[in-house]
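Q: I have a model open and want to go through the fold with you. Can we start with the sheet and then move on to the helices and loops?

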Amino acid sequence: MAKIKVTQVKSGIDRPERQKLTLKALGLNKMHSTVEVEATPQILGMVRKVNHLVKVEQVQG
C-alpha cells in the first residue's frame, strides 16, 4: 500500500465541527504538523473532506 504525507497548512478554527474531528482523526492537531499514513480509501476520503486545510505528498518507498 502506498503512503502519503499529510501536513496541516490552515487552521481548523472557525470550521465546522465535522472538519475539526476529521483533522483530529488524521492525527493533525497543530498547524504545520505532519503525519505519514497509508493511502487507504478511508484515509483518502478523509483527506478529500479537508483538502482545503491540508497539503498532501506521496512518500517514495
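**Sheet, helices and loops**

A: Fine. The model is predicted. As for the sheet, β1 (I will give the range of its partner too) pairs with strand β3, residues 54-59, in the antiparallel sense, over 6 bridges.

Q: Which residues face each other there, say for K3 and V6?

A: K3 has V59 in β3 as its bridge partner. For V6, the bridge partner in β3 is V56.

Q: And how many bridges join β1 to β2?

A: There are 5 bridges between strand β1, residues 3-8, and strand β2, residues 34-38. These two strands run antiparallel. Within that pairing, K5 stands opposite E36 of β2.

Q: What order do the strands take in the sheet?

A: The order is β2-β1-β3, in an open sheet of 3 strands with antiparallel pairing. β2 and β3 are the edge strands, each pairing on one side only. On average, neighbouring strands of this sheet are turned by 25° against each other, direction ignored.

Q: What holds strands together in general?

A: Strands of a sheet pair through backbone hydrogen bonds, either parallel or antiparallel.

Q: On to the helices. Which strands does α2 lie across?

A: Helix α2, residues 41-49, lies across β1, β2 and β3. Its direction is at about 25° to β1.

Q: What is the angle between α1 and α2?

A: Helix α1, residues 17-26, packs with α2 at an angle of about 140°. The axes of the two helices are 10 Å apart.

Q: Left-handed or right-handed crossing?

A: The crossing of α1 and α2 is left-handed.

Q: Which residues make that contact?

A: From α1, Q19, T22, A25 and L26 take part. They meet I43, M46, V47 and K49 of α2. By class, the residues of this contact are 5 nonpolar, 2 polar and 1 charged.

Q: Where is D14, and is it buried or exposed?

A: D14 sits in the loop between β1 and α1. Its relative accessibility is 73%, so D14 counts as exposed, the cut-off being over 50%.

Q: What about phi at H32?

A: H32 has a positive phi of about 65° and is not a glycine. H32 is in the loop between α1 and β2. With 59% relative accessibility, H32 counts as exposed.

Q: What does R15 touch, leaving out residues up to four places away in sequence?

A: On that basis, R15 touches K10, K20, H52 and L53.

Q: And how far is R15 from V56, going by C-alpha atoms?

A: The C-alpha atoms of R15 and V56 are separated by 20 Å. Along the chain, R15 and V56 are 41 residues apart.

Technical notes: Residues numbered from 1 in each chain as written. Predicted model: local features only at pLDDT ≥ 70, side-chain atom pairs only at ≥ 80, totals over all residues. Heavy atoms only, no water. Pairing = 2+ DSSP bridges. Helix = DSSP H or I, 4+ residues; strand = E, 2+ residues; numbered from the N terminus. Axes fitted to C-alpha atoms, helices over the stretch in contact; angles between N-to-C directions. Contact = heavy atoms within 4.5 Å. Left-handed = near helix turned anticlockwise from the far one by under 90°. Nonpolar A, V, L, I, M, F, W, Y, C, P; charged D, E, K, R; others polar. Buried < 20%, exposed > 50% of the residue type's maximum accessible area, 1.4 Å probe, protein only.
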